[in-house]
Amino acid sequence: MASTGSTVTFDYSGGLPYRESVTIPPCPVKLDGTNYLVWSRACKFAIGSRGYKGFLTGDTIKSIEASPSHEKWETTNYLVMSYLTSSMDPGISRGYMLLDTVAAIWKMAETTYSHVGSKAQRYEIRKKIRETTQKELSVSQYYSTLKALWHELDFYGKYIAACSTDITSYTTWENEIRVYDFLGRLNMDFD
């Protein structure tokens, strides 16, 4: 897929954007079964930036009657389906080839790989955090690596506070633990 812009005109009868030269930048991440969060965000950014977010959510629906807007919807649906399946490892994409809409692919991938609320997923991320050390990384790279893992942890395990005092106390406690994680695995020359 090319990585240049596209020309946009609107079909006012159907309300869908029609792109004469459609391009979506290649997804920098391939879904491999372990990286759903990063893959889904990369796809959402690329697809949403081209005005196709409604195809992911299912809000952009196909007209019932045969019309130019119906044809444009189908063409765009095929384009985004192709984008999603080509951004997956071949063994994974094979399981999505018989689905008919972008929204169906998106929802099935989320259900299969997102693991939101999964204790096992949070455990694996906490394990990665414990195993992450500075080694040959610069301090900035080391911090960025930990920060990405902390963001993943926050995504997979949302804390629901009963009141604002609870969330403040929890945030303070969690940030303190994260400082210890960071300091505890810096190279010895920082001791």
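Lys-135 is exposed, with 57% relative accessibility (exposed means over 50% relative accessible area, buried under 20%, partly exposed in between, with a 1.4 Å probe and protein chains only). Lys-135 sits in the loop between helix 6 (119-131) and helix 7 (139-156). Helices here are DSSP runs of H or I with at least four residues, numbered from the N terminus. The phi of Lys-135 is near 45°, a positive value in a residue other than glycine. Most residues other than glycine have a negative phi.

The model is predicted: local features need pLDDT of at least 70, side-chain atom pairs count only at pLDDT 80 or more, and totals for chains, interfaces and linings use all residues. Residues are numbered from 1 along each chain as its sequence is written, and side-chain values use heavy atoms, with hydrogens and water left out.

The largest nonpolar core has 26 residues. A nonpolar core is a set of buried Ala, Val, Leu, Ile, Met, Phe, Trp, Tyr and Cys residues joined through side-chain atoms within 4.5 Å. Trp-39, Cys-43, Ile-47, Tyr-83 and Leu-84 have the most contacts inside this core. Helix 1, helix 2 (53-57), helix 3 (68-86) and helix 5 (102-113) each supply at least two of its residues. Helix 1 gives the largest share, six residues. Another core lies apart from it, with eleven residues, including Ile-125, Ile-129, Tyr-156 and Leu-186. In soluble globular proteins, nonpolar side chains tend to be buried together.

Aromatic rings were also paired. Rings of Phe, Tyr and Trp (its six-membered ring) pair if their centres lie within 6.5 Å; planes under 30 degrees apart are stacked, over 60 edge-to-face, and the rest tilted. This rule gives eight aromatic pairs. One of them joins Tyr-36 and Trp-39, a tilted pair with 5.9 Å from centre to centre and 45° between the planes. These two residues are three apart in helix 1 (residues 36-48), so about one helical turn separates them. Tyr-36 is buried at 5% relative accessibility. Trp-39 is buried as well, at 0%.

Tyr-170 and Trp-173 also form a tilted pair, with ring centres 5.8 Å apart and planes at 45°. They are three residues apart in helix 8 (residues 164-184), about one helical turn. Tyr-170 is partly exposed, at 26%. Elsewhere, Tyr-142, Tyr-143, Trp-150 and Phe-182 form one aromatic cluster.

Leu-183 lies in helix 8. Its relative accessible area is 48%, so Leu-183 counts as partly exposed.
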